[in-house]
Amino acid sequence: MKNIEIAVIPGDGIGKEVVPFGVKALELAAEIHGGLSFKMQEFPWSCEYYVEHGRMMPENGIDILKNFEAIFLGAVGLPKTVPDHVSLWGLLIAIRREMKQYINLRPVKQMRGVRSPLADPKGFDILVVRENAEGEYSPIGGRMIAGNDEIVVQNAVFTRSGTERAIRFAFEAAGKRDRKFVTSATKSNGIIHSMPFWDEVFGQVGREFPEIQQTSTHIDALSAFFVTKPQTLDVVVASNLFGDILTDLGAGIMGSIGIAPSANINPDRKYPSMFEPVHGSAPDIYGKGIANPVGQMWTAKMMLDFFGFEDVGQLLLDSIEDTMEAGIITPDLGGKASTTEVGEAILTKFKERG
Ligand code: NAI
Ligand code: MG
């Protein structure tokens with residue numbers, strides 16, 4: 001019997017509406033599998049918590065989380081109340097960095113029952129491996145001389161070890177897939193220090209994987225390929241910022257940001273990994289009961305995969321696709337169903353399949 005201890009952080013906005021369905025999916029997965037159980041503890045860390053306590057989580061928040069094997073997060077952000085850079089750096093980015101979650105995995109896949117906005121999507125199935133701990137998201141820099149002569153500097157940070165481990169992870173992930181093809185996102189024609197370095201490391205690590213097809217593509221062209229020929233891509237490895245932008249584009253071609261999942265992975269398993277949908281707290285629809293729970297529930301599947309329960313994870317993903325194919329979809333996908341109707345329908349299917 002495998003027992004997994006999970007910290008659940010619903011966070012803000014629709015995070016609070018969709019997390020309960022992700023939690024129910026995990027509980028049902030344990031029931032179906034039989035040899036698996038979850039011990040979950042919920043934490044109210046969020047912008048509301050900030051308003052009360054002046055911080056996004058307690059001072060020892062990171063230490064508390066270190067006692068868990070995984071973190072299941074909804075979304076963070078309440079931009080009218082707390083500035084985004086405060087809420088994101090105070091919780092999400094703090095967790096990603098302190099827990100050495102240096103890989104962000106984001107599948108971009110054409111799903112049954114979802115109309116891609118692409119005219120001819122041809123069954124694309126991409127895995128984006130995003131570097132998650134350094135790169136362009138750096139606190140280094142500053143502003144000086146207020147007024148018309150103001151100067152602003154923002155430094156990107158690329159370490160050899162950080163770059164290597166992200167690229168190696170991508171090659172290893174490609175080795176487990178059918179197509180065995182890695183595309184590296186670069187911009188070495190415009191960003192003349194960090195990106196030629198990135199390409200160099202890609203070449204060096206790539207030589208360890210001769211069985212894997214490999215190519216580098218400039219991020220601007222690659223963005224166009226996500227739209228014009230996504231079916232030609234398999235694993236895509238990208239720096240923090242490039243990966244962030246590409247995966248929202250990925251969510252776009254999938255049909256809605258509301259269905260896209262992600263996993264912040266500490267591959268060494270020394271610290272908990274964190275599983276969260278790609279979308280944010282969506283204040284524009286919060287409280288209406290129409291948030292799509294699919295992203296959060298597919299995120300639960302990624303957690304099952306991470307712990308080696310791929311079989312039951314696949315049943316969950318199949319149940320999600322069955323439900324969407326039956327037309328039980330929220331308004332972001334063109335449907336009329338509520339969060340609860342979609343969530344419950346997926347759980348019912350999952351029970352039937354299990
Ligand atoms: P967002 O992802 O919250 O919303 C973008 C658009 O997609 C909105 O129109 C929203 O209604 C829609 N949408 C998002 N998720 C949906 C779902 N599950 N079902 C149906 N529609 C959905 O991004 P936005 O508006 O840029 O950010 C809102 C807040 O969330 C900000 O405070 C931002 O910083 C935060 N944020 C947090 C993230 C996280 O916790 N990982 C990621 C992205 C944004
Ligand atoms: Mg993003």
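These legends walk through several close-up views of a predicted model of a protein chain.

**View 1**
The domain assignment gives domain 1, made of residues 1–102 + 263–354, and domain 2, covering residues 116–254. Their centres, taken over C-alpha atoms, are 25 Å apart. Where they meet, 8 residues of domain 1 are in contact with 10 residues of domain 2. On the domain 1 side of that meeting place, there are 3 nonpolar, 2 polar and 3 charged residues. UniProt, in an unreviewed entry, places the feature "domain: Isopropylmalate dehydrogenase-like" at residues 5–346.

**View 1. Ten strands line up in one open sheet.**
Here is the sheet to follow through the next views. Its 10 strands come in the order β2-β1-β3-β12-β11-β4-β5-β10-β8-β9, with mixed pairing. Which strands form the edges? They are β2 and β9 (213–218), and each of them pairs on one side only. On average, neighbouring strands of this sheet are turned by 25 degrees against each other, direction ignored.

Look for Leu 36 in strand β2, which covers residues 36–42. Is Leu 36 buried or partly exposed? It has 19 C-beta neighbours inside 10 Å, and therefore counts as partly exposed; the buried class asks for 20 or more. Setting aside residues up to four places away in sequence, Leu 36 touches Lys 2, Ala 29, Ala 30 and Phe 309. For a sense of scale, Ile 290 is 254 residues from Leu 36 along the chain, and their C-alpha atoms are separated by 31 Å.

**View 2. Ala 7 is a buried residue of strand β1.**
Strand β1 spans residues 2–11, and Ala 7 is found in it. Ala 7 counts as buried because 23 C-beta neighbours lie inside 10 Å. Leaving aside neighbours within four places in sequence, Ala 7 is in contact with Gln 41, Phe 43, Leu 65, Phe 68 and Ile 71. Leu 92 is 85 residues from Ala 7 in sequence, and 14 Å from it in space, C-alpha to C-alpha.

**View 3. Strand β11 is covered on both faces.**
Take a moment with strand β11, residues 261–265, where 5 of its 5 residues are buried. Pro 261, Ala 263 and Ile 265 are on one side, with Ser 262 and Asn 264 on the other. Strand β4 is joined to β11 by 3 bridges, and the two run antiparallel; Asn 104 stands opposite Asn 264 in β11. Strand β12 (residues 273–277) also pairs with β11 in the antiparallel sense, over 4 bridges. Here Ala 263 has Phe 275 in β12 as its bridge partner.

Strands β5 (residues 125–131) and β10 (residues 235–238) pair in the parallel sense over 4 bridges. Within this pair, Leu 127 stands opposite Val 235 in β10. Helix α5 (residues 160–175) packs on the sheet and touches β4 (103–109), β5, β8 (181–186) and β10. The direction of α5 makes about 160 degrees with that of β5. Helix α7 (residues 219–228) lies across β8 and β9, at about 105 degrees to β9. Strands β8 and β9 run parallel and are joined by 6 bridges, with Ser 216 in β9 as the bridge partner of Ser 184. How many of the 6 residues of β8 are buried? The count is 5, so β8 is largely enclosed by the rest of the structure.

**View 4. Two loop residues have a positive phi.**
Most residues other than glycine have a negative phi. Ile 145 is not a glycine, yet its phi is positive, about 60 degrees. Ile 145 is found in the loop between β6 (141–144) and β7 (151–154). With 9 C-beta neighbours inside 10 Å, Ile 145 counts as exposed. Arg 269 also has a positive phi of about 60 degrees without being a glycine. This residue, Arg 269, lies in the loop between β11 and β12. Arg 269 has 10 C-beta neighbours inside 10 Å, so it counts as exposed.

Definitions and conventions:
Residues are numbered from 1 along each chain as its sequence is written. Chains are lettered from A and ligands numbered from 1 in the order in which they are written. This is a predicted model: local features need pLDDT of at least 70, side-chain atom pairs count only at pLDDT 80 or more; totals for chains, interfaces and linings use all residues. UniProt positions are given in the numbering used here, feature names are shortened, and annotations may be inferred rather than shown by experiment. A residue is buried if 20 or more other C-beta atoms lie within 10 Å of its own, exposed if 12 or fewer, and partly exposed in between; C-beta atoms are placed from the backbone. Two residues are in contact if their C-beta atoms, placed from the backbone, lie within 7 Å. Domain bounds come from an automatic or database domain assignment. Ala, Val, Leu, Ile, Met, Phe, Trp, Tyr, Cys and Pro count as nonpolar, Asp, Glu, Lys and Arg as charged, and the others, Gly among them, as polar. Two strands pair if DSSP finds at least two bridges between them. Axes are lines fitted to C-alpha atoms, for helices over the stretch in contact, and angles run from 0 to 180 degrees between N-to-C directions.
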